[in-house]
Amino acid sequence: MPVGGEYDGACMCGSIRFSFSGAPGFVADCACDSCRRAHGATAVCWVGVKEHQFRIDHGADLLHWYRSSAESERGFCSRCGTRILFRSSKWPGEVHMAVACMTSPHDLKSTGVAFREEFPSWSALALDKSA
């Protein structure tokens, strides 16, 4: 699939289905403390698009938002708990989706690491923090 096509995703139980079309604004890993703690992971890979490119196709009533900071919210499925979405006043008009939740074959690849300096020293994954 070429970059800029139609992309589909879902939560773990499949109750919430979402999609976006067109070229993403970015695809990047985030190693910030908030993303790591929210997802229970070393880092989270996000794809960001403009709001008009994004849609909830099924299960909008199950999507709940948690205010994780004064400026940011994380969207999750109230049935299975999967963290799917992120939005922030730092990036108005954008929706960020967890790439791990994409369900169709895709060509989304991270082009960098945000908050590289916060990458945990306990991880066995190699990451040069000075890059």
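A: Lying nearest the centre of the largest pocket are C30, C32, F86, W91 and F115, which belong to a lining of 21 residues. A pocket here is an open set of points on a 1 Å grid over the protein atoms alone, where a 1.4 Å probe fits and protein lies on both sides within 12 Å along at least five of seven lines, and a lining residue has an atom within 4 Å of a point. The model is a predicted one, in which local features need pLDDT of at least 70 and side-chain atom pairs count only at pLDDT 80 or more, whereas totals for chains, interfaces and linings use all residues. Residues are numbered from 1 along each chain as its sequence is written, and side-chain values use heavy atoms, with hydrogens and water left out.

The volume of this largest pocket is about 390 Å³, a volume being the space filled by probe spheres set on grid points that are joined across faces, edges and corners. Its lining divides into ten nonpolar, six polar and five charged residues; in this scheme Ala, Val, Leu, Ile, Met, Phe, Trp, Tyr, Cys and Pro count as nonpolar, Asp, Glu, Lys and Arg as charged, and the others, Gly among them, as polar. At least two lining residues come from each of β3 (26–30), α1 (33–39), β7 (72–77), β8 (83–88) and β9 (94–98), and β3 gives the largest share, with four residues. These elements are DSSP runs numbered from the N terminus, with helices (H or I) of at least four residues and strands (E) of at least two.

The second largest pocket has a volume of about 180 Å³, and α1 and β7 each supply at least two residues of its lining as well. That lining consists of S34, R37, A38, Y66, S68, R74, G75, F76, G81 and R83, and by class it holds three nonpolar, four polar and three charged residues.

An open sheet of seven strands runs in the order β6-β7-β8-β9-β4-β3-β10 with mixed pairing, where two strands pair if DSSP finds at least two bridges between them. The edges are taken by β6 (63–67) and β10 (113–114), and because each has a single partner strand, one side of each is left without a neighbour in the sheet. β6 pairs with β7 in the antiparallel sense over five bridges, and the two form a hairpin with four residues between them; in this pairing W65 stands opposite G75 of β7, and G75 is also among the residues that line the second largest pocket. Further along, β8 and β9 run antiparallel and are joined by two bridges, with L85 having M97 of β9 as its bridge partner.

Beyond β9, C101 sits in the loop between β9 and β10. C101 and T111 are ten residues apart in sequence, and 18 Å separates their C-alpha atoms in space.

A separate open sheet has three strands in the order β1-β2-β5, paired antiparallel. Its edge strands, each pairing on one side only, are β1 (6–10) and β5 (54–58). Five bridges join β1 to β2 (residues 17–21), and the two run antiparallel; E6 has S21 as its bridge partner in β2, while G9 has F18. β1 and β2 form a hairpin with six residues between them, in whose turn G14 has a positive phi of about 85°.

The structure holds zero disulfides, a disulfide being a pair of cysteine sulfur atoms within 2.5 Å. For C13 the closest cysteine sulfur is that of C11, and the separation of 3.7 Å is too far for a bond. C101 is likewise in no disulfide, its nearest cysteine sulfur, also in C11, being 7.8 Å away. With 9% relative accessibility C101 counts as buried, whereas C13, at 38%, counts as partly exposed; buried means under 20% relative accessible area, exposed over 50%, and partly exposed in between (1.4 Å probe, protein chains only).
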